[in-house]
Amino acid sequence: MGGPGAVFWMWIIAFLGSSSAIIEATLGQLYKEEKDGQYRGGPAYYIQKGLKSKVFAWVFAIVTIISTGFLLPSVQSNSIALAMKSAFDFSPMVIGIFLVLLLGFIIIGGVKRISKVAEYVVPFMAGAYILMAVVIIVLNIQQVPAVFKLIFQSALNLEATFGGIVGSAISWGVKRGIYSNEAGQGTAPHAAAAAEVSHPVKQGLVQGFSVYVDTLFVCTATALMILFTGQYNVADSAGGFIVQHIPGVEAGPEFTQLAVSQHFPSLGAGFIAIALMFFAFTTIMAYYYIAECNVSFIGKNRSRTALIWVLRVMILGSVYLGCVSTAKMAWDLGDIGVGMMAWLNMIAIILLHNKVLKLFKDYNQQRKEGKDPVFNNSETKFSDVGIWEKNKNI
């Protein structure tokens with residue numbers, strides 16, 4: 001959407017975002033709680049315990065429920081509907097009904113069974129997608145210098161064709177970069193808190209590394225496939241196009257489908273559609289989990305049950321709306337959700353970063369002594385870290 005230069009700014013936000021990912025995941029681990037036999041945590045928890053602000057924590061929790069329960073799922077379902085329409089000519093309405101029924105079955109009672117399937121299928125699909133991307137890059141290896149030159153020149157206003165949209169390149173690169181790796185957004189700490197590690201920093205480092213895998217590896221591979229084959233359009237601010245290589249094609253998963261089809265005509269569109277369905281649908285499941293974590297944070301017993309049912313209706317409505325709406329509307333809703341969460345979360349992690357620095361000092365000291373780091377709060381004396389007081393090695 002922002003031209004080839006957007007890829008460069010996506011890289012920049014990945015480098016910057018890795019640090020915020022480390023901080024928020026480490027804090028998610030430090031302040032997690034055990035509820036109903038599982039660990040729960042996230043920004044609302046570390047805001048309330050670390051900053052001692054119940055109001056701030058509740059504001060974040062409510063914003064997160066709205067964002068992950070309504071604003072963000074529509075982006076994923078919209079991508080599924082567009083990909084299925086392009087590959088198999090399935091009606092978006094039919095796809096919407098199918099996704100609502102499947103998601104409803106999962107969140108009301110079948111989540112463990114479906115999650116078990118996803119646990120095996122998604123890594124396989126991801127591996128196949130990455131393998132396909134690598135094959136296409138190898139087949140076009142001679143174009144790599146020219147494509148990287150185009151990316152850099154477009155990003156730095158050195159390329160005549162895209163010179164007038166540098167601001168758009170920065171905007172789209174930053175937004176899509178954050179969306180791809182979630183660094184600083186406030187969603188990742190919920191999953192980070194559920195992990196079992198012996199030291200909070202360990203999970204922080206895993207989360208920081210994941211940013212590079214997501215954005216610098218997978219997203220760059222996708223960008224290269226699209227740029228090699230020229231299967232993209234770039235709009236201008238007046239509603240026209242700076243380049244229009246594929247007339248009539250809306251920005252979205254079809255760019256990737258058409259790019260892959262250039263090399264694998266009988267496989268490309270269908271494979272991308274099926275892979276995207278698994279990736280996007282499991283992301284919707286993750287959004288529900290994140291929203292439920294925050295419902296658990298603010299709700300007590302009877303009110304929690306009622307709030308969970310409101311959440312279920314809300315996320316199912318969002319999934320259907322995303323399928324039948326335009327990509328622009330879905331992405332606009334998603335950007336609002338990401339923005340609201342990210343601003344609140346970034347304020348929190350800036351205020352709490354000194355605690356992470358202390359944890360890093362402890363972690364690095366143990367590494368220097370040749371130990372496998374184990375967090376013991378008797379050294380740092382943080383308050384409200386009950387899980388770590390009760391269990392020295394989680």
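N140 counts as buried, because its relative accessibility is 7% and buried means under 20% relative accessible area, with exposed over 50% and partly exposed in between (1.4 Å probe, protein chains only). Before you dig in: this is a predicted model, where local features need pLDDT of at least 70, side-chain atom pairs count only at pLDDT 80 or more, and totals for chains, interfaces and linings use all residues. Residues are numbered from 1 along each chain as its sequence is written, and side-chain values use heavy atoms, leaving out hydrogens and water.

**Exercise 1. Find where N140 sits and what it touches.**

Step 1: Locate it. N140 is in the loop between α5 (92-139) and α6 (144-155); helices here are DSSP runs of H or I with at least four residues, strands are runs of E with at least two, and both are numbered from the N terminus.

Step 2: List its partners. Skip the neighbours within four places in sequence, and N140 is in contact with F228 and H263 (contact means heavy atoms within 4.5 Å).

**Exercise 2. Describe two of the aromatic pairs.**

Step 1: Get the overall count. There are 10 aromatic pairs in the structure. Rings of Phe, Tyr and Trp (its six-membered ring) pair if their centres lie within 6.5 Å; planes under 30 degrees apart are stacked, over 60 edge-to-face, and the rest tilted.

Step 2: Take F8 and F152. They're edge-to-face, 5.5 Å centre to centre with 65° between the planes. This pair links distant parts of the chain, as F8 is in helix α1 (residues 5-30) and F152 in helix α6, 144 residues apart.

Step 3: Check how covered they are. F8 is buried at 13% relative accessibility, whereas F152 is partly exposed at 35%.

Step 4: Now try F375 and W388. They're also edge-to-face, at 5.5 Å and 75°. F375 lies in the loop between α13 (327-368) and α14 (377-380) and W388 in helix α15 (residues 386-390), so the pair ties together parts 13 residues apart in sequence. F375 is buried at 0%, and W388 is buried at 0% too.

Step 5: Go back to F8. Together with W9, W11, F148 and F152, F8 forms one aromatic cluster.

**Exercise 3. Which charged residues lie over the faces of W172 and W309?**

Step 1: Know the test. NZ of Lys or CZ of Arg must be within 6 Å of the ring centre and within 35 degrees of the ring normal.

Step 2: Apply it. K175 lies over W172, 4.3 Å from the ring centre, and R312 lies over W309, at 4.7 Å.

**Exercise 4. Work through the hairpin of β3 and β4.**

Step 1: Pair the strands. β3 (residues 233-235) and β4 (residues 241-244) run antiparallel, joined by 3 bridges; DSSP must find at least two bridges for strands to pair.

Step 2: N233 stands opposite Q244 in β4.

Step 3: Check the turn. The hairpin has 5 residues between its strands, and G239 takes a positive phi near 95° there.
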